[in-house]
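Subject: Structure for you to look at

Hello,

Here is the structure I promised you. Please open it first, then read my notes below.

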4 protein chains.
Amino acid sequence: MENSMIESKAADKSTCFKDRYIERRQQSLRLTQGLDAEDMVVQSMPDASPTKWHLAHTTWFFEQFVLLPYAPNYRVFHPTFNYLFNSYYNNVGERHARPLRGLLTRPTLSQVQEYRQTIDEAVCNLLDKLNEFDPDQAKVITGTLEVGLHHEMQHQELMLTDILHALSFNKLYPPMRPVIETATSQAIPLSFESFDEGLYTIGATGKGFSFDCEYPRHQSYLPAFAIANRPITNGEWLEFIKDGGYHTSTLWLSDGWDQCQQQQWQAPLYWEQEDGGKEGGQWLQFSHYGRHAIVLNAPVCHISYYEADAYATWADARLPTEQEWEMVATRHPIKGNFQEKEQWLPQAAQLSGMQQLYGDVWEWTRSAYSPYPGYRAPAGAIGEYNGKFMSNQFVLRGGSCVTPIEQLRPSYRNFFYPHQRWQFTGLRLAKDI
Amino acid sequence: MENSMIESKAADKSTCFKDRYIERRQQSLRLTQGLDAEDMVVQSMPDASPTKWHLAHTTWFFEQFVLLPYAPNYRVFHPTFNYLFNSYYNNVGERHARPLRGLLTRPTLSQVQEYRQTIDEAVCNLLDKLNEFDPDQAKVITGTLEVGLHHEMQHQELMLTDILHALSFNKLYPPMRPVIETATSQAIPLSFESFDEGLYTIGATGKGFSFDCEYPRHQSYLPAFAIANRPITNGEWLEFIKDGGYHTSTLWLSDGWDQCQQQQWQAPLYWEQEDGGKEGGQWLQFSHYGRHAIVLNAPVCHISYYEADAYATWADARLPTEQEWEMVATRHPIKGNFQEKEQWLPQAAQLSGMQQLYGDVWEWTRSAYSPYPGYRAPAGAIGEYNGKFMSNQFVLRGGSCVTPIEQLRPSYRNFFYPHQRWQFTGLRLAKDI
Amino acid sequence: MENSMIESKAADKSTCFKDRYIERRQQSLRLTQGLDAEDMVVQSMPDASPTKWHLAHTTWFFEQFVLLPYAPNYRVFHPTFNYLFNSYYNNVGERHARPLRGLLTRPTLSQVQEYRQTIDEAVCNLLDKLNEFDPDQAKVITGTLEVGLHHEMQHQELMLTDILHALSFNKLYPPMRPVIETATSQAIPLSFESFDEGLYTIGATGKGFSFDCEYPRHQSYLPAFAIANRPITNGEWLEFIKDGGYHTSTLWLSDGWDQCQQQQWQAPLYWEQEDGGKEGGQWLQFSHYGRHAIVLNAPVCHISYYEADAYATWADARLPTEQEWEMVATRHPIKGNFQEKEQWLPQAAQLSGMQQLYGDVWEWTRSAYSPYPGYRAPAGAIGEYNGKFMSNQFVLRGGSCVTPIEQLRPSYRNFFYPHQRWQFTGLRLAKDI
Amino acid sequence: MENSMIESKAADKSTCFKDRYIERRQQSLRLTQGLDAEDMVVQSMPDASPTKWHLAHTTWFFEQFVLLPYAPNYRVFHPTFNYLFNSYYNNVGERHARPLRGLLTRPTLSQVQEYRQTIDEAVCNLLDKLNEFDPDQAKVITGTLEVGLHHEMQHQELMLTDILHALSFNKLYPPMRPVIETATSQAIPLSFESFDEGLYTIGATGKGFSFDCEYPRHQSYLPAFAIANRPITNGEWLEFIKDGGYHTSTLWLSDGWDQCQQQQWQAPLYWEQEDGGKEGGQWLQFSHYGRHAIVLNAPVCHISYYEADAYATWADARLPTEQEWEMVATRHPIKGNFQEKEQWLPQAAQLSGMQQLYGDVWEWTRSAYSPYPGYRAPAGAIGEYNGKFMSNQFVLRGGSCVTPIEQLRPSYRNFFYPHQRWQFTGLRLAKDI
């Protein structure tokens with residue numbers, strides 16, 4: 001496990017690390033505010049997981065990869081939990097079938113909370129005694145803990161996206177959180193900023209944490225291109241709908257058109273037209289705040305890659321590559337509407353200049369999720385983290401309004417299948433020059 | 001709604017009826033003892049429903065079919081509940097998709113309990129004022145309430161069978177109830193009692209409650225036959241397994257053999273061999289009492305019609321028809337191991353003579369569930385109760401250890417699809433003479 | 001193989017039997033007139049088989065069950081044909097997967113014709129030497145040959161129904177045969193004939209050939225009932241369509257409604273409305289004679305059990321039981337529009353009195369296909385012929401315009417699944433009195 | 001249709017073009033030698049098409065895109081053929097469902113041959129009068145004809161791969177062609193040739209025909225790498241099998257492992273072990289020459305991307321990118337074992353140096369099939385040719401033993417889904433330096 005993903009580049013002192021650890025772990029519990037124990041059991045599709053399962057699985061990660069190998073005299077919390085809460089690590093044995101996670105009524109939520117507390121105490125104990133370890137080993141321990149925290153961040157985002165999907169099937173339209181004030185804003189005109197062709201350096205810098213798939217840093221030749229100043233908005237998406245976008249096969253990729261027809265897509269996920277689409281019905285959206293009217297100037301969200309690509313074709317543009325996106329993003333500070341702001345609904349852009357590269361919505365790129373030149377998956381179970389998913393998925397960049405801000409950096413590569421829509425996914429246009 | 005199913009033949013006085021109503025409704029809540037709120041949310045397959053859904057749906061039945069039409073000034077409890085808790089009555093509008101009942105985290109359990117209490121109070125109020133109604137209408141009201149109580153009984157049984165199925169997917173093998181003492185008994189030898197050919201009268205007598213499908217009472221000509229003194233036991237089933245019963249195509253119905261191979265049946269549902277079936281591994285069973293060894297002299301349970309039929313062929317016998325079963329059953333008192341005994345595991349027979357016709361396990365008959373001669377489904381929503389299921393299902397008779405005793409009578413016709421196994425289903429052999 | 005199905009009751013002399021054998025076998029080839037070799041390869045669904053496969057499979061039946069066991073020194077025609085042309089006899093080994101029969105381009109049609117000729121010569125040789133056998137064995141041989149001929153008749157009908165289904169997918173609407181003159185006739189008013197209640201004798205008489213499932217002859221008690229004088233016509237079915245029959249859930253069995261919605265049934269199979277159902281479009285039908293207008297006074301055909309049952313409910317009637325049908329049918333001579341007339345389209349009734357009990361369309365009964373009292377499946381492979389299909393299917397009676405007349409008798413029980421529509425299936429109403 | 005794909009860069013004179021046209025079209029018919037008309041009807045899976053359909057569809061292409069728009073007074077051959085033989089061009093209307101192509105018994109083979117002849121004569125007439133057209137329009141006509149010929153070449157390869165798949169289901173193992181002498185050769189040791197990092201130019205040169213997706217020619221930065229001197233052989237693949245390659249999850253991409261388990265892959269497609277895999281059974285392969293032993297030193301063939309990737313991981317290497325492959329290939333002449341040699345089985349390498357870049361087996365690259373920088377799909381129906389498939393597929397390079405040699409050039413990009421195995425697909429290893 002001696003790769004860049006594991007060795008935390010930042011030489012965190014263990015005490016401040018312990019505070020970060022506790023804070024990050026408590027955030028997971030804070031995110032469940034507004035949910036009842038019953039809400040946390042259910043799984044609405046194989047792609048999603050129950051809230052309770054997320055809480056247990058992230059805990060299992062620390063137990064399995066930190067405590068069991070490194071904590072002296074640590075005894076496993078429950079012999080069956082490795083079976084129940086392993087997600088996809090073939091290296092660590094048999095596991096509960098993914099599509100059946102919603103049947104795990106036991107352990108109950110309070111037992112899972114107890115599990116979390118026990119593991120957190122053991123991790124803190126381990127951190128307190130970190131100076132008793134050989135320095136190299138201590139480095140591996142904090143490195144693995146760092147992976148665990150970033151893993152926790154990813155699941156914090158998933159908890160929010162998965163529960164939204166689960167609640168969306170309920171005609172009671174239950175809000176998870178009290179309604180927020182949505183900023184009403186002026187529409188910012190769409191414009192394009194140009195960039196010169198050239199050899200650019202892409203990938204993780206090695207400063208701070210990055211996942212293995214962001215390495216190695218390498219050169220990539222980009223032709224001249226232009227990129228939009230902001231994501232496409234709900235209002236612009238409505239134009240696409242009105243122009244027959246969902247019924248015009250020539251705008252779509254072949255696989256996308258198949259999906260569009262099979263799933264009978266008519267609008268982004270969670271959109272519903274009042275009166276079932278009779279002429280003039282207002283478009284409503286289900287979110288963590290219940291059901292409400294869509295906000296025209298806010299970025300469109302919950303669209304598949306196929307829809308994003310069809311829109312770009314319709315708009316006589318294209319999606320950016322991940323290299324283009326990253327090159328632009330390194331020129332801008334990481335700020336925006338992230339999870340911590342507790343506005344879990346993309347917000348309308350407020351300023352001029354390059355807007356919302358970070359936060360609000362993940363931006364589909366046209367880049368398939370592939371290994372960077374020279375990439376090698378790390379050995380062992382941790383090596384299953386990223387490398388084995390490098391087929392059939394597309395890269396998304398920039399984070400969303402439910403992403404923890406600490407997780408973001410210009411080189412961060414998120415990835416999903418092109419038909420998936422339950423993440424906070426939107427699009428930004430690009431053009432060849 | 002003026003059919004035999006609705007008009008209660010027993011002229012219950014409304015006060016004693018109120019007690020029965022309250023008692024029956026409270027029994028539903030008592031059955032949830034041992035379950036956590038989280039257990040009550042989940043649905044393990046489309047055929048089964050969540051405990052919470054059962055609690056709400058049975059309540060909706062009284063609200064929809066009694067309170068809304070008859071209770072003066074009654075206001076609907078919640079406008080969306082008709083959508084959420086209608087099971088299959090096309091007559092009363094659109095409804096939540098059956099396979100997605102497990103996503104209904106809201107209303108929460110405590111809200112459903114409140115729903116139950118509100119409806120029960122309104123029903124009791126209605127019963128208190130029954131003498132203010134026209135006598136004919138009062139009769140319809142009590143008749144419909146009677147249907148509602150029998151409907152509640154059916155769901156009480158389903159609550160127990162469905163939760164067992166849901167818990168069975170959990171490798172923690174959670175017991176719902178503390179372990180009970182299982183009677184160890186002698187094996188009672190299998191013997192056959194003979195009956196003469198002749199014209200017999202079949203169907204509901206009109207005394208006490210019966211469902212529409214038990215009518216009309218009619219004559220049926222039966223050839224001479226013999227029927228076994230008790231159901232087939234786990235021990236006898238083991239012989240079938242050891243003799244290759246699950247791998248001998250010629251014993252099976254064609255559709256049954258397809259199922260057996262597709263589902264890779266090797267034993268009754270909930271059976272598992274220690275060490276995954278290595279030579280000599282003990283057979284264990286999952287029940288409401290957790291996982292434990294099978295009891296050799298207890299009736300085999302959780303088998304499909306196809307398995308029952310294959311066993312009978314293997315044993316050079318056949319299953320009885322429902323007419324044969326009913327004719328024999330009318331000659332015996334209704335007693336046995338029913339839900340109220342709280343031994344939710346079939347018990348070994350203890351005596352000589354005809355054993356366990358009632359209780360312990362439902363007995364598959366070879367009779368397809370068809371209309372009796374002259375049967376007509378009642379008009380309206382109540383007419384959807386039985387008649388529309390008269391294809392592709394087989395009749396079971398006698399009730400099981402999770403059936404409320406009040407539900408049973410010789411003419412009672414239960415029915416399931418021949419591949420289904422999650423009910424407490426067993427078999428009794430018959431023979432031609 | 002010493003059961004009633006095998007022992008031909010008719011003491012056919014072997015010479016006249018040989019003529020019958022040759023005639024019956026040649027009829028199979030005659031039925032392929034109008035087809036190209038390419039037509040005979042394809043399989044349009046797992047339920048249907050290619051024409052060429054039928055030609056080979058019926059031949060294999062004689063080779064497998066007559067020549068190999070009884071013909072001295074007979075050598076198998078091709079070692080792989082048992083694998084390729086066994087239909088469903090688990091007793092005689094592994095076989096080619098049923099849904100993949102349409103991939104058997106080899107053997108070619110001419111090789112299959114050669115196979116037929118070789119086997120026919122060997123059977124004729126055997127028949128010529130029948131007097132050299134022990135009389136009991138000779139009886140078994142002719143009995144098995146008799147089964148083979150009835151098996152051939154069944155496949156002759158299937159050849160015609162299967163090829164119609166295969167050709168129906170082709171927008172060229174290829175006629176298999178030149179157009180026939182369709183009798184234009186007056187509508188005969190629907191009326192009902194009544195029958196008294198009583199004990200009736202049902203099942204094969206033992207005179208002439210019958211299949212095992214028609215035995216034992218037994219008594220059955222029937223209440224009084226009335227039965228229609230003719231099948232329901234296309235014109236009457238149009239009324240059902242216009243009255244919203246395909247969109248009224250309360251008319252349907254629950255499983256039927258599911259099918260109706262999933263398959264989007266709007267009319268009988270092979271019906272298509274000109275201009276895709278725009279107001280006023282004429283209803284067309286695809287048949288062996290290409291595409292043409294429906295004949296209003298001819299019996300409706302290619303409907304499922306579910307549709308037949310829904311129609312009966314809509315018409316305030318019901319389907320007859322198979323016992324009722326048989327009791328009536330024994331009172332009428334076996335004549336009507338059968339395969340040999342080469343009018344493979346149901347014809348309008350022409351006379352008064354009880355019409356079309358035999359021929360034109362198979363009539364769905366409300367009787368599930370179950371064993372008669374005392375029925376036991378024969379031992380060995382022949383025992384797989386009927387008994388193993390006794391679940392989930394419904395009995396049809398009377399034969400159709402593509403049934404060989406020799407196959408029909410009052411006790412003949414045909415059976416199909418309630419969702420199947422590609423057979424020549426119609427309905428006759430009955431009523432309780 | 002005025003893009004590079006349409007405008008043939010080579011200024012072919014129309015007479016020599018006519019010869020090429022006739023020759024290419026006749027080749028399609030020559031490829032069917034050894035097949036019976038019945039073989040040409042069937043479709044073994046939705047991905048494959050019947051031989052007869054290929055013959056008709058390629059003809060339809062010329063009729064639809066050349067004759068109907070350009071040939072004066074041309075009348076459509078048959079009004080329904082556009083419906084039957086359009087493959088996937090949404091722009092030109094409704095079409096016969098792809099998975100049901102195997103049901104098109106009509107038109108018969110001889111009618112399709114007549115269709116070919118009629119269209120070929122009309123095309124030759126058009127070519128004879130080409131000088132009567134405006135020069136720009138003449139250029140478009142020959143350009144479209146050129147696309148049609150390359151389209152024909154692609155279908156010539158598909159005809160051979162699809163019929164092999166169809167015949168493979170038949171236990172008669174029918175050879176399409178008489179057995180060929182397979183060269184027995186020495187094993188050539190695997191070695192790697194290194195290339196420097198740098199900016200390389202990739203894509204179609206504009207000399208001669210290329211498809212739209214090979215444009216625009218552009219620069220790409222490649223790190224230093226090494227590439228193997230020849231494809232992996234059957235013998236090397238056997239080592240992978242023996243080392244448990246098909247049972248070691250950690251070698252596989254996640255989606256690949258799912259496929260491997262669901263499909264129970266144990267070896268390349270068309271491999272079968274004698275005696276069903278009992279110890280010591282020889283590995284046999286089904287090919288156009290029937291069933292025979294695998295040739296150890298020949299390139300492994302009929303493997304999915306997932307298998308190729310798993311092998312590379314097992315061998316501590318990786319697959320090349322398409323840019324790497326193309327850069328190397330431009331340094332070597334286009335020669336090898338192509339369709340015209342009529343050795344439709346990959347042959348063992350015979351020499352030293354870089355072997356078999358062209359011919360024998362298509363080589364999987366690790367590059368997802370994506371648009372080149374600046375790519376835009378052409379307008380109109382021809383624009384559906386390539387661009388709409390740019391998701392979820394991987395690029396293959398180099399052609400195979402069933403590819404027409406004329407089709408090949410260094411920039412040619414073939415693409416298939418990563419789970420597909422019925423093409424002549426193999427792999428060549430690469431390494432980072």
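This is a predicted model: local features need pLDDT of at least 70, side-chain atom pairs count only at pLDDT 80 or more; totals for chains, interfaces and linings use all residues.

**How the chains are related**

Start with chains A and B. Chain A superposes on chain B by a rotation of 180°, with 0.0 Å of shift along the axis and an RMSD of 0.0 Å. That is the relation of a two-fold axis. In chain A, the residue that comes closest to this axis is Glu38(A), with its C-alpha at 2.6 Å. The two copies meet through the same surface, because 100% of the interface residues of chain A are also interface residues in chain B.

Now chains D and C. A rotation of 180° puts chain D on chain C, again with 0.0 Å of shift along the axis and an RMSD of 0.0 Å. Both copies use the same surface: 100% of the contact residues of chain D recur in chain C. Of the residues of chain D, Glu38(D) comes closest to the rotation axis, at 2.5 Å for its C-alpha.

Some chains do not meet. Chain A does not touch chain C, and their nearest C-alpha atoms are 14 Å apart. Chain B and chain D have no contact either; their closest C-alpha atoms lie 14 Å apart.

**The interface of chains D and C**

The size of an interface is often given as the accessible area lost when the parts come together. Here chain D and chain C bury about 2500 Å² between them. Carbon and sulfur atoms account for 64% of that area. Which three residues of chain D supply more of its buried area than any other three? They are Glu38(D), Leu103(D) and Arg106(D), with 29% of what chain D buries against chain C. The contact involves 32 residues from chain D and 32 residues from chain C.

Four salt bridges cross this interface. Arg106(D) forms a salt bridge with Asp39(C), and the closest N and O atoms are 2.7 Å apart.

**Aromatic residues**

Over all chains, the search finds 139 aromatic pairs. Trp237(B) and Tyr311(B) make a stacked pair, 5.1 Å centre to centre with 10° between the planes. Trp237(B) lies in helix 6 (residues 234-242) of chain B and Tyr311(B) in helix 8 (residues 305-314), so the pair ties together parts that are 74 residues apart in sequence. Trp237(B) is buried at 0% relative accessibility. Tyr311(B) is buried at 4%.

Trp252(B) and Trp257(B) form a tilted pair: 6.2 Å centre to centre, 55° between the planes. Trp252(B) is buried, with a relative accessible area of 4%. Trp257(B) has 13% and counts as buried.

Chain A has an aromatic cluster to look at. Its members include Tyr21(A), Trp60(A), Phe61(A), Phe62(A) and Phe65(A).

Charges sit over rings in chain B. The charged end of Arg101(B) is over the ring of Trp53(B), 3.6 Å from its centre. The charged end of Arg291(B) is over the ring of Tyr173(B), 4.0 Å from its centre.

**Helix 8 of chain C**

Is helix 8 (residues 305-314) of chain C mostly covered or mostly open? Mostly covered: eight of its ten residues are buried. Among them are Tyr305(C), Glu307(C), Asp309(C) and Tyr311(C). What covers the buried residues includes helix 6 (234-242), helix 7 (254-262), strand 8 (362-368) and strand 9 (394-397) of chain C. Just after helix 8, Asp316(C) takes a positive phi of about 60°.

**Backbone points to check**

The peptide bond between Tyr215(A) and Pro216(A) is cis, with omega about -10°. Pro216(A) is in the loop between strand 2 (198-202) and strand 3 (218-222) of chain A. In chain C, the bond from Tyr215(C) to Pro216(C) is cis, with omega near -10°.

Gln356(A) is not a glycine, yet it has a positive phi of about 55°. Gln356(A) sits in the loop between helix 9 (322-329) and strand 8 (362-368) of chain A. Gln356(A) is buried, at 12% relative accessible area. Gln264(C) has a positive phi near 50°. Gln264(C) lies in the loop between helix 7 and strand 5 (271-273) of chain C. Gln264(C) is exposed, at 61%.

Best wishes

Note on methods. Residues are numbered from 1 along each chain as its sequence is written. Chains are lettered from A and ligands numbered from 1 in the order in which they are written. Side-chain values use heavy atoms; hydrogens and water are left out. Rings of Phe, Tyr and Trp (its six-membered ring) pair if their centres lie within 6.5 Å; planes under 30 degrees apart count as stacked, over 60 as edge-to-face and the rest as tilted. Helices (H or I, at least four residues) and strands (E, at least two) are DSSP runs, numbered from the N terminus. Buried means under 20% relative accessible area, exposed over 50%, partly exposed in between (1.4 Å probe, protein chains only). A charge sits over a ring if NZ of Lys or CZ of Arg is within 6 Å of the ring centre and within 35 degrees of the ring normal. Copies are superposed by least squares on the C-alpha atoms of residues with pLDDT of at least 70 in both. Contact means heavy atoms within 4.5 Å. Buried area is the accessible area (1.4 Å probe) that two parts lose on being put together, summed over both. A salt bridge is a side-chain nitrogen of Lys or Arg within 4 Å of a carboxyl oxygen of Asp or Glu.
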